[in-house]
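Welcome to this guided tour.

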Amino acid sequence: MNENDILKGRLRDLANMAYRQNRYTYTNFMSAADMDVFFSNIADLDFAGYQIFGGRESCDRVMIAFGRESDMGYAAEFPISMIKIAAAIDKFSDDLSHRDFLGALMNLGIEREMIGDILVTESGQAGKHCSAFVFCVDTIADYIIDNLTKIKHTNVKCTLCTADDAEAVKIRKEPLHIIAASARTDAVIAAITGLSRSSTSLLFREKKISLNNRIYENSSYQLKPGDIFSIRGYGKYEFENAGTVTRKGRLNIDLLKYV
């Protein structure tokens, strides 16, 4: 069996367990490729009901909870904890990237599916990133707090976040106006990235484009208001609308960029 077949079987088992035992069941964190498997098999799983959440609105890595509130009698409580990782002393910290934080977590022996989104934040000296908020499966939160003490040359401290920290990870979106040949995904992505048509096509073939939490390879799809897409290496965007046509026959398009 390949990885997709194993995932299909696991999803089916969780859906059956939720339905038969009348309790919520949860996946670990799912990537866009994993979610593509889920949505491709949704007809075989929908009988149990499901919800999707990653710790905050519009997460890239999410969990699936199988079960319906109307059947269970209570709302699902996703087993997700949020941890803040910060330099012990800002002055002497490295400028840390998403890869640095993820690598340090993997070096603790943690599987990738146990970690959700990692939100790197700026703190300390101007322009220096030395802290992050990390969503994780709640069963490993204490392990991370007790064992993650250093990233590269930077000593760090980890603390479990509370509801009061929600504002720190609240989604922020900035308006972005572009002019594109059309509202097709390839045209919009070319306008955002400044890449040629062939280079844009390569992004799709290399599975670097996700749309509404799924890997997307259909470059001719016409974007609709509310569609959320990510371009690996270029960011995450929400399509708002296509407006007037320019004199050269191109479209004025309004987006929201996640920051």
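Where is the place of asparagine 213? Select this residue and you will find yourself in the loop between β10 and β11 (214–215). Helices here are DSSP runs of H or I with at least four residues, strands are DSSP runs of E with at least two, and both are numbered from the N terminus.

Before going further, please know that this is a predicted model, in which local features need pLDDT of at least 70 and side-chain atom pairs count only at pLDDT 80 or more, while totals for chains, interfaces and linings use all residues. Residues are numbered from 1 along each chain as its sequence is written, and side-chain values use heavy atoms, with hydrogens and water left out.

**Stop one: around asparagine 213**

Stay on asparagine 213. Its relative accessible area is 25%, so the residue is partly exposed. On this scale, buried means under 20% relative accessible area, exposed means over 50%, and partly exposed is in between, using a 1.4 Å probe and protein chains only. The phi of asparagine 213 is near 70°, a positive value in a residue other than glycine.

Now show the neighbours of asparagine 213. Leaving aside residues up to four places away in sequence, asparagine 213 touches Ala32, Met35, Cys59, Asp60 and Val62; a contact means heavy atoms within 4.5 Å. Which backbone atom lies 3.3 Å from a polar atom of the side chain of asparagine 213? That is the backbone oxygen of cysteine 59. The backbone oxygen of aspartate 60 lies 3.2 Å from a polar atom of the asparagine 213 side chain. A polar contact is a pair of N or O atoms within 3.5 Å; within protein, one must be able to donate a hydrogen and the other to accept it, and residues adjacent in sequence count only if both atoms are side-chain atoms.

**Stop two: serine 210**

Move to serine 210, in strand β10. Its relative accessibility is 14%, so serine 210 counts as buried. Not counting residues up to four places away in sequence, serine 210 touches Ala32, Ile215, Tyr216, Ile228, Phe229 and Ser230.

**Stop three: helix α7**

Select residues 197–205 to see helix α7, where Thr200, Leu203 and Phe204 are buried. Why are these residues on the same side of α7? They cover an arc of only 100° around the axis, the arc being that of the directions from the helix axis to the C-beta atoms. Among what covers the buried residues of α7 are α6 (185–193), β10 (209–211) and β12 (228–231). After α7 comes lysine 207, with a positive phi near 60°.

**Stop four: the largest pocket**

The largest pocket holds about 1400 Å³ of space. Of its 44 lining residues, Asp60, Asp117, Ile118, Ser230 and Lys236 are the closest to the centre. Colour α2 (32–40), β5 (115–122), β10, β12, β13 (235–245) and β14 (251–258), the elements that give two or more residues to this lining. β5 gives the most, with 6 residues.

A pocket is found on a 1 Å grid over the protein atoms alone, as an open set of points where a 1.4 Å probe fits, with protein on both sides within 12 Å along at least five of seven lines; lining residues have an atom within 4 Å of a point. The volume is the space filled by probe spheres set on the points.

**Stop five: the second largest pocket**

The second largest pocket has a volume of about 560 Å³. Of the 20 residues lining this pocket, Glu3, Leu7, Ser31, Ala33 and Asp34 are the closest to its centre. Helices α1 (3–21) and α2 give two or more residues to the lining, and α1 gives the most, with 6 residues.

**Last stop: asparagine 22**

Finish at asparagine 22, in the loop between α1 and β1 (25–26). Its phi is positive, about 55°, although asparagine 22 is not a glycine.
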